[in-house]
Amino acid sequence: MSTEQQERSGFKVKVQRFGSFLSGMIMPNIGAFIAWGLITALFIETGWAPNADFAELVGPMINYLLPILIGFTGGRLVHGLRGGVVGATVTMGVIVGADIPMFLGAMIVGPLGGWAIKQFDKLVEGKIKAGFEMLVNNFSAGIIGGILTLIAYKLIGPAVNALTNFLAAGVQFIFDAGFLPLASIFIEPAKVLFLNNAINHGILGPLGIEQASEAGKSILFLLEANPGPGLGILLAFMFFGKGTAKQTAPGAAIIHFLGGIHEIYFPYILMKPYLLLAAIAGGASGVFTLQLFNAGLVAAPSPGSIFSILALTPKGNHIGVLLGVIVATAVSFLIASLILKASKDVEDGDLQKATEKTSALKGKESRAAELIQPATGAVQEISLANTKHVIFACDAGMGSSAMGASILRNKMKKEGLDVTVTNTSVSNLPADAEVVITHKDLTHRAKEQVPNAHHISVENFLNSPRYDELIEQLKK
């Protein structure tokens with residue numbers, strides 16, 4: 001590998017880790033965000049079932065519960081439960097030190113609190129006299145957390161408040177000037193190039209929550225989550241594709257539109273990079289339609305299924321939201337159809353190559369892999385007879401790894417094996433992990449995290465022959 005290629009690979013890993021870290025603070029708490037969104041949509045004065053008593057929950061949840069959850073999760077990612085406690089404590093400083101919901105602030109001070117207590121623990125490791133461990137641990141967390149909370153209250157909170165207001169003003173300017181559809185020029189390629197989590201959960205989500213807290217909804221929740229552009233491309237393959245791409249497009253469309261797993265259409269774009277034009281045009285036209293009808297959602301839909309989108313649509317916005325999806329689908333379908341009809345036939349092997357490229361770009365398994373032939377390869381022949389726990393790990397720990405874990409769990413059950421199968425993110429792998437299954441592009445990170453575990457690399461989380469080979473080893 002050339003020096004330039006190594007630098008690109010290193011940069012890709014760094015960006016991937018950063019995006020994974022950002023989404024790692026938000027995605028485990030998506031359920032709380034949805035709960036807040038549903039309560040808001042139902043019980044505020046303009047909601048489906050206005051109720052003044054229940055509406056009292058809206059403010060405290062967005063101002064306190066959600067930022068504290070983010071701060072706790074960010075601290076825990078850095079230094080476990082101890083880091084999470086300090087991170088949550090420091091988050092109170094930015095909450096009280098600002099007059100807006102402190103999501104960006106929590107994403108800054110939560111990890112900062114975890115890092116601070118981690119550095120202290122490294123400093124005193126092996127130096128605490130026996131019998132004083134609990135005293136030192138509790139008071140160090142309390143003192144460090146207290147000092148950082150005061151700093152967050154006086155300095156970080158006001159600074160993030162000003163930054164958030166500046167970003168919000170910028171978004172409002174772009175919105176008023178009619179330039180918001182142009183955001184698709186950056187968002188649609190970023191989705192294919194593994195930056196969707198960083199953009200959606202790290203930038204659009206916090207700004208959208210800020211808008212929703214004031215206006216009851218935000219269009220920002222639909223800039224990345226709109227399934228229309230991807231659906232139009234998959235429909236074009238259904239009618240004008242060739243070979244494997246044509247055969248697999250209907251199943252991919254169902255998973256994408258109803259299941260909300262958007263990355264399943266990424267390999268189809270990578271087969272024909274010109275299809276990015278269809279995705280961008282579809283996304284921009286969808287945003288324009290949403291703007292035209294002043295439509296938005298009350299919270300971020302995750303996954304981006306049409307069901308979750310409709311569930312989080314406030315009263316009076318369903319027509320605008322549906323038209324935004326339909327128009328995006330129609331425009332991307334028309335442009336993708338023209339591109340496919342004007343280009344040479346797509347070879348059957350191209351989808352496999354594009355799927356592998358998607359996995360390499362995203363650092364985790366593409367869901368399109370379930371629709372094509374699995375990769376081959378053998379698990380190293382070693383004794384795993386005493387294994388009691390197998391862990392699947394992917395970038396965020398909630399998508400492809402969950403699917404793979406479910407498949408292997410069912411296989412274990414059929415074979416009568418008493419082995420627990422769970423899933424998590426690479427960054428949250430426990431130190432005592434026994435067997436870890438990851439996509440080949442994430443294995444190096446998993447080995448850094450838990451070097452003593454037995455690692456299995458796969459190219460297809462959803463239909464890998466290595467599952468059966470692992471089961472045979474476990475039975476021995």
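User: How many helices and strands does the chain have?

Analyst: In this predicted model, the secondary structure of the chain comes to 18 helices and 4 strands.

User: And what share of the residues is buried?

Analyst: Of the 476 residues in the chain, 53% are buried. As for contacts with a separation of 6 or more, 74% of them are accounted for by residues 24 or more positions apart.

User: Let's go to helix packing. At what angle do α4 and α6 pack?

Analyst: Helix α4, which covers residues 58-96, and helix α6, which covers residues 133-176, pack at an angle of about 30°, and their axes are 7 Å apart. Angles under 35 degrees count as roughly parallel, and α4 and α6 are therefore roughly parallel to each other. Their crossing is right-handed.

User: Which residues meet there?

Analyst: On the α4 side the contact includes Arg-82, Val-86, Thr-89 and Val-90, and on the α6 side it includes Asn-137, Ser-140, Leu-148, Tyr-153 and Ile-156. The residues of this contact of α4 with α6 divide into 9 nonpolar, 8 polar and 1 charged.

User: What about α7 and α12, how do their axes cross?

Analyst: The axes of helix α7 (residues 184-192) and α12 come within 8 Å and cross at roughly 130°, which makes α7 oblique to α12. The crossing of α7 and α12 is right-handed. From α7 the contact is made by Ser-184, Ile-185, Glu-188, Pro-189 and Val-192, while α12 brings Leu-276, Ala-279, Ile-280, Gly-283, Ala-284 and Val-287.

User: Which classes do the residues of that contact divide into?

Analyst: The contact of α7 with α12 divides into 8 nonpolar, 2 polar and 1 charged.

User: Take Ile-209, then. What is it in contact with?

Analyst: If its neighbours within four places in sequence are left aside, Ile-209 is in contact with Phe-33, Trp-36, Ile-62, Phe-103 and Phe-221.

User: Last one, His-318. Where does it lie?

Analyst: His-318 lies in helix α14, which runs over residues 318-342. At 25% relative accessibility, His-318 counts as partly exposed, because that class lies between the 20% cut-off for buried and the 50% cut-off for exposed.

User: Which residues does His-318 touch?

Analyst: Not counting residues up to four places away in sequence, His-318 touches Trp-48, Leu-310 and Thr-313. The C-alpha atoms of His-318 and Leu-297 are separated by 9.5 Å, and these two residues are 21 residues apart along the chain.

Technical notes: Residues are numbered from 1 along each chain as its sequence is written. This is a predicted model: local features need pLDDT of at least 70, side-chain atom pairs count only at pLDDT 80 or more; totals for chains, interfaces and linings use all residues. Side-chain values use heavy atoms; hydrogens and water are left out. Axes are lines fitted to C-alpha atoms, for helices over the stretch in contact, and angles run from 0 to 180 degrees between N-to-C directions. Helices (H or I, at least four residues) and strands (E, at least two) are DSSP runs, numbered from the N terminus. Angles under 35 degrees count as roughly parallel, over 145 as roughly antiparallel, 65 to 115 as roughly perpendicular and the rest as oblique. A crossing is left-handed if the near helix is turned anticlockwise from the far one by less than a right angle, and right-handed if clockwise. Contact means heavy atoms within 4.5 Å. Ala, Val, Leu, Ile, Met, Phe, Trp, Tyr, Cys and Pro count as nonpolar, Asp, Glu, Lys and Arg as charged, and the others, Gly among them, as polar. Buried means under 20% relative accessible area, exposed over 50%, partly exposed in between (1.4 Å probe, protein chains only).
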